[in-house]
Amino acid sequence: MTSCATDRSKARFPPALRKQHLGYLAACLCVLFSTGCSTHSKRISQPRNLFYDGQLQACRESLEKLAKSSRHDGDVVNLDLAVVDLLSGQAKQAETKLRDVRDRFDHLEQDSLAEKTVSMWTDDQVRSYAGEDYEKILIRVFLSLSSLMHDGVDAESYTLQIQDKHEELGQRFAERNGSAGPEYQPLPLGFYMRGMLREATLRDYDDAVRNYEVASSLLPNSLPLVWDLNRARSGVHSQPGQGVVYVFAMVGRGPYKIEVAEQPTSDALLVADRIISAVGPYKLPPTIAPIKIPDIAVPPSDVDNVGIRIDNSTIGPTSSVANIEQLAVSTYRANRNSIIARAVARRVIKKATVAAAKNSMGTEGLTAIGMDLAGIAWEATEAADTRCWGLLPRDIQVLRVEVPAGDHQLQLSPQLGKQPVGPSKSTSIRVVDGLNTYVICWFPDARSVSQIMCSNRAELVSNP
Amino acid sequence: MHRREWLKSISIVTLVGMSGCRGYQYGHVIKPTAANMVGSHEAGAEVFDPLIDEAVAKLLARQNIVTDDCPIGPNGQPMKKSICFVGIENKSAEDIGDFKDKIYNQIDSKILESSCFQSMSKRMVDAALHETRMRPDALLLPDNMRLFTAVLERSGSPVDYLLYAQLTSGTTKRNSSTQRDYELTLELVNVHTGMNDKLSSEVRKGYHKTAGGKFWNYNPLKR
């Protein structure tokens, strides 16, 4: 059969041109198919640095430029832009962007035949980015926060969506792996925010208790959650003449993806072997050189919490209600084997394609070396898909304080343990009798310029 | 197998094996007469709708008899009794999520349809709760009740009854099957006399992990 095929190709091409031209053609195809030497992690580094330097406008411009220049980065860049919007006081715009990406990620959960096929011959960067599981959950968290910062109309719906999405992703993981692991432990923040909003109705204390109970069981060492629970069980939201301030502090620099060279694990090789074996009597080669895959990196943090002072009185530090680092690392690592398996299968398919091309054309000598080099180039230009939501905090913390209605001076300072480690930042807030006032701040590290946003609900109520 | 065939089969696998195209999501309007979807994991409209219909109908029917001697207004028509629907307490095993406000509105609307009762605006009730800072469950204490109704009266909404709704559940388990009994209790408290009336409705629902679970547990031969 091999000889027949070779005879046919000899008949079509002059012998002198056949080997050389086909070799060049294969090399060209390899280069054409190869994509992006540049990864998202490289492209996003400049806007990220601008953001942490507190240059929000420059960061926005840089991100907008990136969104226009790179089609495949559009959604993740929009997520970063939503964070910039939220922290620069444009909460409504942030909510719109987040809602668009949420809907798009939901749509992209369905598979695309064309993209999957092309990605097997190139790399994962050609696929539309459907978001990591932790990003899908956090989109809903940020939607809740954005909504609270302007009108709060949809905040409660978003808090329900946090729990629904988490449950759905956990179930999907369990279906894929046969059992639900601890990787998909619910995020306490979702329950906390729902309890907070139900308590603010001054009527649905039973819902508040139910949600605080779940949050407290997820964070058994959190004393503020015990206080919240006790208040919801037998107290009231606030005493007459008083209102409540919730400070949501985003602390540290959050997870992002980097490219790493990984030795395939036995589990990943097993999955890859199934893919390869399905197409013929071939087996996975016994050794596979390290492959490029994305991994989650979290920079070390020199800020533990945020110290709160109101009108020069020390209130206390914020306490964690969402460990984003843990959520990102655990949910990403739970699905890592499938990423490795896809990379291994891609490697084998590329190698086999080059080998098959050489064999069918009967190449030898320089042409064969040329084709080998083209094959190596084809594999080498493959890059890990490092697209991710780059502007996430490491931790979301909260502090609740009941204060008399009226205007107050709020002072926030980054702390390591109980010691302030950076300059504090002040803002004035208006507290309305019986209502919640929300404050969002971000301290990426001790030296970075922090941003503080206060909800405008107080003004809306006082000046309807 | 020849390499060319191998390549061919790879192409087939990449094209067909990794099947699936991104589609769209579709929606449709459900006719009012169509049956509700039955939730597979927790209660939904199929449970709450009949619970509300039955409980409210029972309560209004009984109160119609009790309040036959309601005073006649200046226009010669019987004056409607005013009900302050304080709220719903969920004590069931499930989180009812976005159903709570829907249940509140459904009960409220049904009371408004009654010829003998009128329901107080939810916003009025919220404002009174805000002003007094009382928990709904603390309103039954005589002093608190007096203060709360005084606030409502001051704003032009005299109260005759306080209405509380409570959702409870009871769970029976048998291997991979579960039966959950949902009960909605409506409690009407007369603020003038302190007397209360209570009525409940119940819907039972089975949850099964196997397709034959329903038949196995609820067939006519089972005791």
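Start by selecting helices α5(A) and α6(A): they are roughly antiparallel to each other, a label for angles over 145 degrees. You are looking at a predicted model, where local features need pLDDT of at least 70, side-chain atom pairs count only at pLDDT 80 or more, and totals for chains, interfaces and linings use all residues. Residues are numbered from 1 along each chain as its sequence is written, and side-chain values use heavy atoms, leaving out hydrogens and water.

Stay with this pair. The axes of α5 (residues 56-69) and α6 (residues 74-87) of chain A come within 10 Å and cross at roughly 160°; axes are lines fitted to C-alpha atoms, with angles from 0 to 180 degrees between N-to-C directions. Now show side chains: L56(A), L63(A) and L66(A) are among the α5(A) residues that meet α6(A), where V77(A), L81(A) and V84(A) are among the partners. Contact means heavy atoms within 4.5 Å.

Next, select E183(A), in the loop between α10 (155-177) and α11 (188-199) of chain A. Beyond its neighbours within four places in sequence, E183(A) touches F173(A), S330(A), T331(A) and A334(A).

Finish at the open, mixed sheet of five strands, ordered β6-β7-β1-β11-β12 in chain A. Its edge strands are β6 (319-323) and β12 (451-454). Inside, eight bridges join β1 (residues 242-253) to β11 (residues 436-443), running parallel; strands pair with at least two bridges by DSSP.

Note on methods. Chains are lettered from A and ligands numbered from 1 in the order in which they are written. Helices (H or I, at least four residues) and strands (E, at least two) are DSSP runs, numbered from the N terminus. Angles under 35 degrees count as roughly parallel, over 145 as roughly antiparallel, 65 to 115 as roughly perpendicular and the rest as oblique.
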